[in-house]
Amino acid sequence: MTCICVPSTSACSVCARTMACHEDRTRASLQGVVQTILTSQCRIKETTEGRQQMARETRSKRAILDAALSLAAEQGISGTSMDDVAQRAGVAKGTLYYNFPSKGKIFEGLLLEGMSALTEALAAARSGKSGWGAIEALVETLLERISGNTALARVIAGETFRTDRTWQESSFEFRHAALAEFAAAITEALPPDARPGRAKLIASGVFGATLLVGLEWLVFDPERPREEVVQAILATFSGQLTSRVSSIRAENIG
């Protein structure tokens with residue numbers, strides 16, 4: 001038979017115990033509540049510590065990427081060592097290798113991050129535009145990105161023709177995505193009878209020229225308005241598109 005003790009001064013009809021029986025049950029119940037509270041507090045502490053750890057790792061990773069970028073812009077990727085990056089970032093070598101097991105992984109992450117952001121910006125710039133208007137918007141956007149992160153632009157320019165990097169395949173994919181935005185706009189500006197592949201070739205020229213002219217502008221002639229640089233770049237290629245430029249401009253104005 002089960003004990004049915006209740007708060008009372010009389011003895012329990014089952015276990016013949018007095019008030020102590022009820023007190024034992026109450027004490028056990030309170031201990032359970034305390035244990036539940038302590039467990040919840042431990043979980044909260046673990047969650048907080050986990051979030052703090054993630055925040056520290058994010059800050060460390062950002063510091064490493066920024067340090068690697070500044071060093072590569074100054075002395076090139078080949079001239080940058082893991083020790084250099086750790087010292088510039090202000091992190092221990094263990095922290096550096098925990099986040100990036102090799103120098104190649106650092107610069108792969110850096111370049112892919114930059115190219116991904118550039119591709120998204122170019123797609124947004126071309127959205128809702130066509131032909132010559134889209135080309136102008138793309139050149140303007142690329143120059144804007146270069147002026148906003150000259151160090152990254154220098155690294156990308158220096159790595160464009162390298163074929164011995166571990167990250168080259170991934171970098172090419174993003175570069176092709178960026179060129180596709182230019183090629184799509186240029187296709188609309190070319191004569192209908194243009195040879196296949198011509199738009200892609202011109203797109204490579206516009207992209208490369210904008211990248212290099214943009215760097216030269218920032219280094220040697222930073223006071224010149226960006227709009228003048230945009231028009232100078234477009235004038236270089238306008239002859240390739242001249243048969244349709246006038247009509248496209250008229251359409252845009254109309």
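S60 counts as buried because its relative accessibility is 18%, where buried stands for under 20% relative accessible area, exposed for over 50% and partly exposed for what lies in between, with a 1.4 Å probe and protein chains only. S60 sits in helix 1, which covers residues 20-75; helices (H or I, at least four residues) and strands (E, at least two) are DSSP runs numbered from the N terminus. Leaving out residues up to four places away in sequence, S60 touches T95 and N99, contact being defined as heavy atoms within 4.5 Å.

The model is predicted, so that local features need pLDDT of at least 70 and side-chain atom pairs count only at pLDDT 80 or more, while totals for chains, interfaces and linings use all residues. Residues are numbered from 1 along each chain as its sequence is written, and side-chain values use heavy atoms, with hydrogens and water left out.

**The chain as a whole**

Of its 254 residues, 34% count as buried. Among the contacts in the chain with a separation of 6 or more, 65% are accounted for by residues 24 or more positions apart.

UniProt, in an unreviewed entry, lists residues 81-100 as "DNA-binding region"; UniProt positions are given in the numbering used here, feature names are shortened, and annotations may be inferred rather than shown by experiment. Over residues 81-100 the chain is 75% helix and 0% strand, with the end C-alpha atoms 13 Å apart.

T80 belongs to the loop between helix 1 and helix 2 (82-89). T80 is buried, its relative accessible area being 2%. Apart from neighbours within four places in sequence, T80 is in contact with L71, A72, Q75, V85, K103 and F107. The C-alpha atoms of T80 and L69, which are 11 residues apart along the chain, are separated by 9.8 Å.

| Helix pair | Angle | Axis separation |
|---|---|---|
| Helix 5 (residues 131-148) and helix 7 (residues 168-189) | about 150 degrees | 7 Å |
| Helix 4 (residues 103-126) and helix 5 | roughly 150 degrees | within 9 Å |
| Helix 4 and helix 7 | about 15 degrees | 9 Å |

With its angle of about 15 degrees, helix 4 is roughly parallel to helix 7, whereas helix 5 and helix 7 are roughly antiparallel to each other; angles under 35 degrees count as roughly parallel, over 145 as roughly antiparallel, 65 to 115 as roughly perpendicular and the rest as oblique. The crossing of helix 4 and helix 7 is left-handed, as is the crossing of helix 5 and helix 7, while that of helix 4 and helix 5 is right-handed. A crossing is left-handed if the near helix is turned anticlockwise from the far one by less than a right angle, and right-handed if clockwise.

Between helix 5 and helix 7, the residues G131, W132, A134, I135, L138, V139 and L142 in helix 5 meet E181, F182, A185, I186, E188 and A189 in helix 7. By class, this contact of helix 5 with helix 7 divides into 10 nonpolar, one polar and two charged residues, with Ala, Val, Leu, Ile, Met, Phe, Trp, Tyr, Cys and Pro counted as nonpolar, Asp, Glu, Lys and Arg as charged, and the others, Gly among them, as polar.

Helix 4 meets helix 7 through residues including L112, L122, A123 and R126, and on the side of helix 7 they include F174, E181, F182 and A185. The residues of the contact of helix 4 with helix 7 comprise 10 nonpolar, four polar and four charged.

L138 lies in helix 5 and counts as buried, at 0% relative accessibility. Not counting residues up to four places away in sequence, L138 touches L122, A125, R126, E181, F182 and A185. L138 and A123 are 15 residues apart in sequence and 8.5 Å apart in space, C-alpha to C-alpha.

Q168 is placed in helix 7 and likewise counts as buried, at 6% relative accessibility. With residues up to four places away in sequence left out, Q168 touches E159, T160, R162 and T163. Q168 and L112 are 56 residues apart in sequence and 9.9 Å apart in space, C-alpha to C-alpha.

Terms used. Axes fitted to C-alpha atoms, helices over the stretch in contact; angles between N-to-C directions.
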